[in-house]
Amino acid sequence: MTTIQSSASLRTVVGLDDSAPRLRESALIMIDYQNTYRTGVMALEGAEQALAAGARLLARARAAGIPIVHIVNDGGVGTPYDIRAEIGAISAEVAPVDGEPVVVKQFPNAFHATELEQTLRDSGVEPGADLVLAGFMTHMCVGHTAQGAFNLGYRPTVVAETTATRALTGPDGGVVSAATLQTAALTTITDLFGVVVPTVDALLE
């Protein structure tokens with residue numbers, strides 16, 4: 001029987017720090033917690049559990065007084081991402097409060113063609129700082145935003161239990177389960193772009 005050996009991550013090869021940040025020394029980015037992922041064509045496996053975890057993380061971030069930025073994806077009028085309609089709105093459980101900026105994006109990377117970087121800088125969060133990422137979908141906007149943050153010099157950390165994705169058809173025509181895609185997406189992040197912690201409780205204050 002052949003045993004599969006794991007390769008060293010690119011983070012290990014280039015000497016990047018894999019330690020998780022302290023929440024009180026970070027900024028929180030809440031990515032695409034929109035109603036569209038809870039029902040209908042874009043419903044995600046485990047969305048409700050991830051949303052509940054995201055709400056717990058948001059409450060901790062508010063208590064810590066750290067910068068918080070909400071992201072929404074605008075797909076246009078009549079789409080599953082119509083931010084003018086209830087389907088595209090941020091879910092009530094994690095809705096922004098006064099003083100928490102909302103950045104609108106149209107690409108998976110929340111830094112691309114948006115005001116996110118400037119919004120962070122306006123809050124005193126400069127490249128080199130720790131960003132905690134939560135939201136939807138793991139393999140798409142969470143992963144691409146982690147990569148975008150890394151490319152700009154930030155240190156992104158994704159909280160796994162606050163994320164979710166959906167089953168998709170693979171290139172061979174077979175079904176890639178949501179669980180398999182979730183694992184692959186998080187592993188892609190940990191190979192280079194950032195740190196992944198399993199739960200909200202894994203983040204120290």
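Reader: Is Arg-155 buried, exposed or partly exposed?

Author: Arg-155 counts as partly exposed, at 24% relative accessibility; here buried means under 20% relative accessible area, exposed over 50%, and partly exposed in between, with a 1.4 Å probe and protein chains only. This is a predicted model, in which local features need pLDDT of at least 70, side-chain atom pairs count only at pLDDT 80 or more, and totals for chains, interfaces and linings use all residues. Residues are numbered from 1 along each chain as its sequence is written, and side-chain values use heavy atoms, with hydrogens and water left out.

Reader: And which side chain does Arg-155 meet in a salt bridge?

Author: That is Asp-130, at 2.1 Å from N to O, where a salt bridge is a side-chain nitrogen of Lys or Arg within 4 Å of a carboxyl oxygen of Asp or Glu. The pair links distant parts of the chain, since Arg-155 lies in strand E5 (residues 155-164) and Asp-130 in strand E4 (residues 130-136), 25 residues apart; helices (H or I, at least four residues) and strands (E, at least two) are DSSP runs, numbered from the N terminus. Asp-130 is buried, with a relative accessible area of 14%.

Reader: Which residues are linked with Asp-130 in a network?

Author: Asp-17 and Arg-155 are linked with Asp-130 in a network of salt bridges.

Reader: How many salt bridges does the structure hold?

Author: The structure holds 13. Another one joins the side chains of Arg-62 and Glu-100, at 2.8 Å from N to O. Arg-62 lies in helix H2 (residues 47-64) and Glu-100 in the loop between strand E2 (68-73) and strand E3 (102-105), so this pair ties together parts that are 38 residues apart in sequence. Arg-62 is partly exposed at 33%, whereas Glu-100 counts as buried at 13% relative accessibility.

Reader: What about Arg-11, which partner does its side chain meet?

Author: Arg-11 meets Asp-18 in a salt bridge of 2.6 Å, N to O. Arg-11 counts as buried at 6% relative accessibility, while Asp-18 is partly exposed at 41%.

Reader: Changing topic: which residues make the nonpolar surface patch?

Author: Val-13, Val-14 and Leu-16 make a patch of about 260 Å², and Val-13, in helix H1 (residues 10-14), is exposed at 58% relative accessible area. Patches are made of residues with over 30% relative accessible area and no salt bridge, with like charges joined within 9 Å and nonpolar side chains (Val, Leu, Ile, Met, Phe, Trp, Tyr) within 5 Å.

Conventions
Accessible areas come from the Shrake-Rupley method with a 1.4 Å probe; for residues, only the protein chains shown count as cover.
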